[in-house]
Amino acid sequence: LAMGGYTPSGTDATEKYDGSSWAASAKLTIADCAFAAAGTQNAVVVFNGHADPDGSEIYNGATFSETANRINGRRYTGAAGTQNAAIVFGGFAEGTNTPGVKTENFDGNTFTALNDMNLGNATAAAGGTQNSAIAAFGYEASVPNTQVITQLWNGTSWSAGANAILARRNLNGHGTQNHFIAAGGQTNICRADTEEWNGTAWSEQNDLSTGRNYLAGCGTVSLGLAFTGEPGPGASPTTGTEEWAGAGADVGAWSTGGSMNTARNLNSRS
């Protein structure tokens with residue numbers, strides 16, 4: 001599920017992917033961008049961004065509806081988990097460019113505060129579950145620098161993992177805390193680089209066919225997606241989708257998937 005994004009203004013458009021093509025679905029309650037999401041295609045929680053930094057929405061496979069407000073309004077946050085058992089973390093406070101450290105739990109109805117991240121982060125590649133999450137890359141506290149830091153969440157606190165290979169921001173990721181794929185993003189150019197995390201260390205994998213930043217991604221470490229984003233700083237967003245297959249013992253690779261209907265910069269996905 002792909003929702004919202006920057007087109008170059010916030011949009012409420014939502015699309016579903018069936019493995020080969022995208023189709024329009026119910027719209028967000030508010031046009032927005034720079035947010036995060038957790039869950040599955042038909043059971044999603046959206047943590048809002050620029051337009052409503054305190055707000056959140058849930059999706060039941062047919063419609064979106066507003067739900068509880070977050071404690072700390074943010075944009076470009078990270079998220080992990082399911083619609084009824086999620087965490088949201090990091091991000092920029094509205095009006096600032098300093099990455100935050102705040103972590104919150106969402107139980108399907110309310111938000112509660114959890115322990116802070118070790119290092120402020122925004123636009124990270126993130127994934128996993130409510131009690132076993134990963135956040136890597138992104139902006140570090142000395143904005144606009146990018147980072148290679150990996151942070152791991154155990155349900156109670158964050159700890160440091162091994163550094164990634166290439167520092168970058170505005171990238172996508174999919175998988176679990178112990179097996180994760182991160183791709184794309186930006187340094188001084190838009191990147192196609194893909195890295196795999198095996199729970200201990202990062203290694204290089206095959207590149208995306210098209211370098212891009214502000215892209216979105218979802219799926220598992222063996223079957224995933226990367227879609228939308230911009231192929232160059234300031235370039236028009238793309239509708240392109242790439243499908244990831246294979247990791248671990250076999251070297252993974254990207255192949256071309258179906259094009260989206262709406263071109264946009266899109267960090268959120270489920």
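**Close-up views of a predicted model**

**View 1. Arginine 168 and glutamate 195 form a salt bridge, with 3.0 Å from N to O.** A salt bridge here is a side-chain nitrogen of Lys or Arg within 4 Å of a carboxyl oxygen of Asp or Glu. The model is predicted: local features need pLDDT of at least 70, side-chain atom pairs count only at pLDDT 80 or more, and totals for chains, interfaces and linings use all residues. Residues are numbered from 1 along each chain as its sequence is written, and side-chain values use heavy atoms, with hydrogens and water left out. Arginine 168 sits in the loop between strand S15 (158–161) and strand S16 (172–176), while glutamate 195 belongs to strand S18, so that the pair links distant parts of the chain, 27 residues apart. Strands (E, at least two residues) and helices (H or I, at least four) are DSSP runs, numbered from the N terminus. Arginine 168 is buried, at 0% relative accessibility, and glutamate 195 is buried too, at 2%. Buried means under 20% relative accessible area, exposed over 50%, and partly exposed in between, with a 1.4 Å probe and protein chains only.

**View 2. Strand S18 (residues 194–197) is shown with its side chains and its pairing partners S17 and S19.** Thr194 and Glu196 point one way from the strand, Glu195 and Trp197 point the other way, and all are buried. In a regular strand the side chains alternate between the two faces of the sheet. Strand S17 (residues 179–183) pairs with S18 in the antiparallel sense over 4 bridges; two strands pair if DSSP finds at least two bridges between them. Isoleucine 181 has glutamate 196 of S18 as its bridge partner. S18 also pairs in the antiparallel sense with strand S19 (residues 202–205), over 4 bridges. There, glutamine 205 in S19 is the bridge partner of threonine 194. The hairpin of S18 and S19 has 4 residues between the strands, and glycine 199 in this hairpin takes a positive phi near 100 degrees.

**View 3. Glutamate 15 forms a salt bridge with arginine 264, their closest N and O atoms being 3.0 Å apart.** This pair links distant parts of the chain, 249 residues apart: glutamate 15 is in strand S2 (residues 14–17) and arginine 264 in the segment after strand S23 (253–256). Glutamate 15 has a relative accessible area of 2% and is buried. Arginine 264 is buried at 0%. The structure holds 5 salt bridges.

**View 4. Lysine 102 forms a salt bridge with aspartate 116, the closest N and O atoms being 3.6 Å apart.** Lysine 102 lies in the loop between S9 and S10, and aspartate 116 in the loop between strand S11 (111–114) and strand S12 (125–129), so the pair ties together parts that are 14 residues apart in sequence. Both ends are partly exposed: lysine 102 has 35% relative accessibility, and aspartate 116 has a relative accessible area of 33%.

**View 5. The second largest cavity has about 50 Å³ of space.** On a 1 Å grid over the protein atoms alone, a cavity is a set of points where a 1.4 Å probe fits but cannot get out, and lining residues have an atom within 4 Å of a point. Grid points are joined across faces, edges and corners, and a volume is the space filled by probe spheres set on the points. The structure holds 2 cavities of 30 Å³ or more. The second largest cavity is lined by Arg70, Asn72, Arg74, Thr77, Val88, Phe89, Gly90, Lys102, Thr103 and Glu104. Strand S9 (85–89) and strand S10 (103–106) each supply at least two residues of this lining. By class, the lining has 2 nonpolar, 4 polar and 4 charged residues. Ala, Val, Leu, Ile, Met, Phe, Trp, Tyr, Cys and Pro count as nonpolar, Asp, Glu, Lys and Arg as charged, and the others, Gly among them, as polar.

**View 6. Alanine 124 lies in the loop between S11 and S12.** Alanine 124 counts as buried, at 15% relative accessibility. Leaving aside neighbours within four places in sequence, alanine 124 is in contact (heavy atoms within 4.5 Å) with Ala136, Phe137, Gly138 and Leu171. Phenylalanine 137 is in the loop between strand S13 (132–136) and strand S14 (150–153). Phenylalanine 137 has a positive phi of about 65 degrees although it is not a glycine, and is buried at 0%.

Technical notes. On a 1 Å grid over the protein atoms alone, a cavity is a set of points where a 1.4 Å probe fits but cannot get out, and a pocket is an open set with protein on both sides within 12 Å along at least five of seven lines; lining residues have an atom within 4 Å of a point.
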